[in-house]
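Please examine the sequence and the structure below. The explanation that follows leads from charged pairs to the nonpolar core, the surface and the backbone.

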Amino acid sequence: MSSSAPDTPRQPPRPVATPCVKVCIVDGPTGLCLGCYRTLQEIGGWSGLTDERRAEIMTELPARRSLIDPAKLG
């Protein structure tokens with residue numbers, strides 16, 4: 001007779017912080033989203049990044065805004 005471990009309740013997934021503001025338009029010249037200033041690669045892989053890498057990107061975002069033509073930012 002084999003014994004199996006009791007089912008342990010699963011924790012709900014931890015929410016992932018995101019800079020998304022639901023303005024998903026990519027600027028052609030820079031490749032950055034006009035809403036959050038991330039690249040498509042960063043947006044697509046966001047949930048798979050480590051907390052440390054997400055934090056690094058978050059600190060870079062304000063400086064990225066200056067790379068976009070101000071006329072596009074409204």
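Which side chain meets that of Arg53 in a salt bridge? The side chain of Glu60 does so, with an N to O distance of 3.9 Å. A salt bridge here is a side-chain nitrogen of Lys or Arg within 4 Å of a carboxyl oxygen of Asp or Glu. This is a predicted model, in which local features need pLDDT of at least 70 and side-chain atom pairs count only at pLDDT 80 or more, whereas totals for chains, interfaces and linings use all residues. Residues are numbered from 1 along each chain as its sequence is written, and side-chain values use heavy atoms, with hydrogens and water left out.

Both partners of this pair are partly exposed: Arg53 has a relative accessible area of 29%, and Glu60 has one of 32%. In these terms, buried means under 20% relative accessible area, exposed means over 50%, and partly exposed lies in between, computed with a 1.4 Å probe on protein chains only. Glu60 also forms a salt bridge with Arg64, at 2.7 Å from N to O. Glu60 and Arg64 both belong to helix H2 and lie four residues apart, about one turn of the helix. Helices (H or I, at least four residues) and strands (E, at least two) are DSSP runs, numbered from the N terminus. Arg64 counts as buried, at 11% relative accessibility. A network of salt bridges links Glu42, Arg53, Glu56, Glu60 and Arg64. Side chains of opposite charge can pair when their charged atoms come close.

Across the whole structure, a search finds six salt bridges. One of them joins the side chains of Asp27 and Lys72, at 2.5 Å from N to O. This pair links distant parts of the chain, 45 residues apart: Asp27 is in the segment before helix H1 (40-45), and Lys72 is in the segment after helix H2 (51-65). Asp27 is buried, with a relative accessible area of 3%, while Lys72 is partly exposed, at 38% relative accessibility. The two side chains also make a polar contact of 2.5 Å. A polar contact is a pair of N or O atoms within 3.5 Å; within protein, one must be able to donate a hydrogen and the other to accept it, and residues adjacent in sequence count only if both atoms are side-chain atoms.

The surroundings of these two residues can be described next. Leaving aside neighbours within four places in sequence, Asp27 is in contact with Leu32, Leu34, Ile68 and Lys72, where contact means heavy atoms within 4.5 Å. With neighbours within four places in sequence again left aside, Lys72 is in contact with Asp27, Pro29 and Leu34. Lys72 and Leu34 are 38 residues apart along the chain, and their C-alpha atoms are separated by 7.8 Å.

Which residues make up the largest nonpolar core? Its seven residues are Leu32, Leu34, Tyr37, Trp46, Ile57, Leu61 and Ile68. A nonpolar core is a set of buried Ala, Val, Leu, Ile, Met, Phe, Trp, Tyr and Cys residues joined through side-chain atoms within 4.5 Å. Tyr37, found in the segment before H1, is buried, with a relative accessible area of 14%. Not counting residues up to four places away in sequence, Tyr37 touches Leu32, Leu61, Arg64, Arg65, Ile68 and Leu73.

On the surface, Val21, Val23 and Ile25 form a nonpolar patch, with about 240 Å² of accessible area together. Patches are made of residues with over 30% relative accessible area and no salt bridge; like charges are joined within 9 Å, and nonpolar side chains (Val, Leu, Ile, Met, Phe, Trp, Tyr) within 5 Å. Accessible areas come from the Shrake-Rupley method with a 1.4 Å probe, and for residues only the protein chains shown count as cover. Val23 lies in the segment before H1 and is partly exposed, with a relative accessible area of 38%.

Most residues other than glycine have a negative phi, and most peptide bonds are trans. Lys22, although not a glycine, has a positive phi of about 65 degrees. Lys22 is found in the segment before H1 and is exposed, with a relative accessible area of 72%. Tyr37 has a positive phi as well, near 70 degrees, and is a residue other than glycine.
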